[in-house]
Amino acid sequence: AGLPSTWRVQCVQGKCVDYCPTWEEKGLWFLSNDSPTIMKEVAQSIETREQKYLSPIEAFKVCDVACRGKTGNVPANDVTKAFVDTNLCRCGNTTKALTNITLSDFSSAHDMMTTCGDSKVFKSLRILSINDTQPICCPPIEEEKLQNGNQWKRLYSVGGPKLEGSYFAHIHMGCGSLDECQDVAREKGAEIAVFDIISSYCHLARNVFELDNLFSVTKDNTRRFILDLRNPAKS
């Protein structure tokens, strides 16, 4: 949705939302009966409304509150201990990038009918700086280096593979990337693997065939990579 490549996307309650896997691993993103006490306190303090998960805006607010406890004039609070001392927030300048951005704006940014030029989120996040206070999510993905030294190819690129198959598994990889997707594909006996660097899903298929025509089925296909596992020597 325009956030840094350290963020991931997951579909919840019929909507695609941006989230931090590192926060989710500690039970600090999706609210449940098993959530840590601090998560319940945070949800109440920032008025999380009816959704049972944080929005990116709320996560930035949490980090802003947590980072204030690191200054000399403000005593450390429980939020500071839970989010800064555990390296879930990076402290810096208070960001102005998310002013007037809503959860619906983030959701609509993932809609197939929304272009980057029309997205309110994309426009606002242009001013987000690496020095701004913000959540620490996954290691950044450098797309230009993803294919170095391996056989992954960008899906539906000009002159690239035109493979399709019967998909039997869709596995969320969290902060994992191409190597982790390749490992699970081999383990499960897939013939091809497709990795989506935005949603962090590893799609596995068998019964592979080649498409007659080159076409793109979604606007996100340029962010997907494919690996042909049928010939071990090439993968």
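**Disulfides and aromatic pairs in a predicted model**

Reader: What is the relative accessible area of cysteine 67?

Author: Cysteine 67 counts as buried, a class that requires under 20% relative accessible area, with exposed meaning over 50% and partly exposed the range in between (1.4 Å probe, protein chains only). This is a predicted model, in which local features need pLDDT of at least 70 and side-chain atom pairs pLDDT 80 or more, while totals for chains, interfaces and linings use all residues. Residues are numbered from 1 along each chain as its sequence is written, and side-chain values use heavy atoms, leaving out hydrogens and water. For cysteine 67 the relative accessible area is 8%.

Reader: Which cysteine is joined to cysteine 67 by a disulfide?

Author: A disulfide is a pair of cysteine sulfur atoms within 2.5 Å, and here the S to S distance is 2.1 Å. The torsion about the S-S bond is about -90°, so this disulfide is left-handed. Cysteine 67 belongs to helix 3 (residues 56-68) and its partner to the loop between strand 3 (89-90) and helix 5 (103-109), so parts 24 residues apart in sequence are tied together.

Reader: What is the torsion about the S-S bond of cysteine 138 and cysteine 175?

Author: The sulfur atoms of this disulfide are 1.9 Å apart. Cysteine 138 is buried at 5% relative accessible area, whereas cysteine 175 is partly exposed at 25%. The disulfide is left-handed, because the torsion is about -80°.

Reader: What is the pairing when the bonded cysteines are numbered in sequence order?

Author: The count of disulfides comes to 5. Numbered along the protein chain, the bonded cysteines pair as 1-6, 2-4, 3-5, 7-8, 9-10.

Reader: What is the angle between the planes of tryptophan 7 and tryptophan 29?

Author: Rings of Phe, Tyr and Trp (its six-membered ring) pair if their centres lie within 6.5 Å; planes under 30 degrees apart are stacked, over 60 edge-to-face and the rest tilted. The centres of tryptophan 7 and tryptophan 29 are 5.9 Å apart. Tryptophan 7 precedes strand 1 (8-12) and tryptophan 29 lies in the loop between helix 1 (21-25) and helix 2 (37-45), so the pair ties together parts 22 residues apart in sequence. The pair is edge-to-face, with an angle of 80°.

Reader: Which residues do ring pairs link into a cluster?

Author: Tryptophan 29, buried with 0% relative accessible area, also forms an edge-to-face pair with tryptophan 23, at 5.5 Å centre to centre and 70° between the planes. Aromatic pairs number 4. The cluster consists of Trp7, Trp23, Trp29, Phe60 and Phe83.

Reader: Which residue has its charged end over the ring of phenylalanine 168?

Author: A charge sits over a ring if NZ of Lys or CZ of Arg is within 6 Å of the ring centre and within 35 degrees of the ring normal. Here the charged end is 3.7 Å from the ring centre, and the residue is arginine 206.

Key. Helices (H or I, at least four residues) and strands (E, at least two) are DSSP runs, numbered from the N terminus.
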